[in-house]
Amino acid sequence: MGNRNPLPCMAILMLITASLIACNILPTAPVQPQPGATLVGTINMDRAQSAQITLKVSADGQTIESVSVSFTELKCEGFSAGSSSTTVTARAPITDAKFEFKPSNIGEISGRFTSSMAAQGTIHLAFFEGKAECGTWEWSATGN
């Protein structure tokens, strides 16, 4: 009885641990963004011909130092523009790989890092301090 091979038991334990991690049951360390990274991506919206988001991570990787959004042929309730671009330079802390901006001039942007050079989230657009409601959409961005 004392000569049992421990390898099958270890294999089963490793398989169970991997399954728990894959299902987010075991805690994992949050993703750390690449310090100084610039991530660029698209906003998946139906009220513009095209929509882009650009995020800049601080040199220490602890904050988002700016977010830029740009649109072509944007059409919202009570507001439209051929081309429009806005940069939010307020800093947003990155906590547990997540961040959130609430600039009064465009609405709200929130997201999370899925890797050191990729993030995704939502953007709620409400221009002119909420007077021109536009909606909420998902976005994703990656760095080079």
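Student: Which residue in S9 is the bridge partner of His124?
Tutor: Thr136 is the bridge partner of His124 in S9. Bear in mind that this is a predicted model.

Student: How many bridges pair S8 with S9, and in which sense?
Tutor: Nine bridges pair them, and the sense is antiparallel. Strand S8 covers residues 118-126, and S9 covers residues 132-143.

Student: What about S1 and S9, how many bridges there?
Tutor: Six bridges join S1, residues 38-44, to S9. These two strands also run antiparallel.

Student: Which residue in S9 is the bridge partner of Leu39?
Tutor: For Leu39 the partner in S9 is Gly143. Ile43, in turn, stands opposite Trp139 in S9.

Student: And S1 with S2, how many bridges?
Tutor: Five bridges, with S1 and S2 antiparallel. Strand S2 spans residues 50-57. Thr38 has Lys56 as its bridge partner in S2.

Student: Let me step back. How many helices and strands are in the protein?
Tutor: The protein has two helices and nine strands.

Student: In what order do the elements run from the N terminus?
Tutor: The order is α-β-β-β-β-β-β-β-β-α-β.

Student: New topic. How many disulfides does a search of the whole structure find?
Tutor: The search turns up one disulfide. The disulfide joins Cys76 to Cys134, with an S to S distance of 1.8 Å.

Student: Which parts does the pair Cys76 and Cys134 tie together?
Tutor: Cys76 sits in strand S3 and Cys134 in strand S9, so the pair ties together parts that are 58 residues apart in sequence. A disulfide is a covalent bond between the sulfur atoms of two cysteines.

Student: Left-handed or right-handed, that disulfide of Cys76 and Cys134?
Tutor: Left-handed, because the torsion about the S-S bond is about -65°.

Student: Is Cys76 buried or exposed? And Cys134, buried or exposed?
Tutor: Cys76 is buried, with a relative accessible area of 10%. Cys134 is buried too, at 3%. Buried here means under 20% relative accessible area.

Student: Where in the chain are Phe99 and Trp139?
Tutor: Phe99 is in strand S6 and Trp139 in strand S9, 40 residues apart, and the pair links distant parts of the chain.

Student: Is Phe99 buried or exposed? And Trp139, buried or exposed?
Tutor: Phe99 is buried, with a relative accessible area of 4%. Trp139 is buried as well, at 2%.

Student: Which residues form one aromatic cluster?
Tutor: Phe99, Phe113 and Trp139 make up that cluster.

Student: Backbone now. What is phi of Glu73?
Tutor: Phi of Glu73 is near 55°, which is a positive value in a residue other than glycine. Glu73 is placed in strand S3, residues 63-76. Glu73 is partly exposed, with a relative accessible area of 35%.

Student: And what is phi of Asp96?
Tutor: Asp96 has a positive phi of about 50°, and it is not a glycine either.

Student: Where is Asp96, and is Asp96 buried or exposed?
Tutor: Asp96 lies in the loop between strand S5 (92-93) and strand S6 (98-101). Asp96 is exposed, with a relative accessible area of 57%.

Student: Overall, what percentage of the residues of the protein count as buried?
Tutor: 36% of its 144 residues count as buried.

Student: What does the accessible surface come to?
Tutor: About 8,700 Å², and 54% of that belongs to carbon and sulfur atoms.

Student: Last one. What percentage of the contacts with a separation of 6 or more comes from residues 24 or more positions apart?
Tutor: Such residues account for 42% of those contacts in the protein.

Conventions
Residues numbered from 1 in each chain as written. Predicted model: local features only at pLDDT ≥ 70, side-chain atom pairs only at ≥ 80, totals over all residues. Heavy atoms only, no water. Pairing = 2+ DSSP bridges. Helix = DSSP H or I, 4+ residues; strand = E, 2+ residues; numbered from the N terminus. Buried < 20%, exposed > 50% of the residue type's maximum accessible area, 1.4 Å probe, protein only. Phe/Tyr/Trp six-rings, centres within 6.5 Å; stacked < 30°, edge-to-face > 60°. Disulfide = S-S within 2.5 Å. Contact = heavy atoms within 4.5 Å. Areas by Shrake-Rupley, 256 points an atom, 1.4 Å probe, with all protein chains shown as cover.
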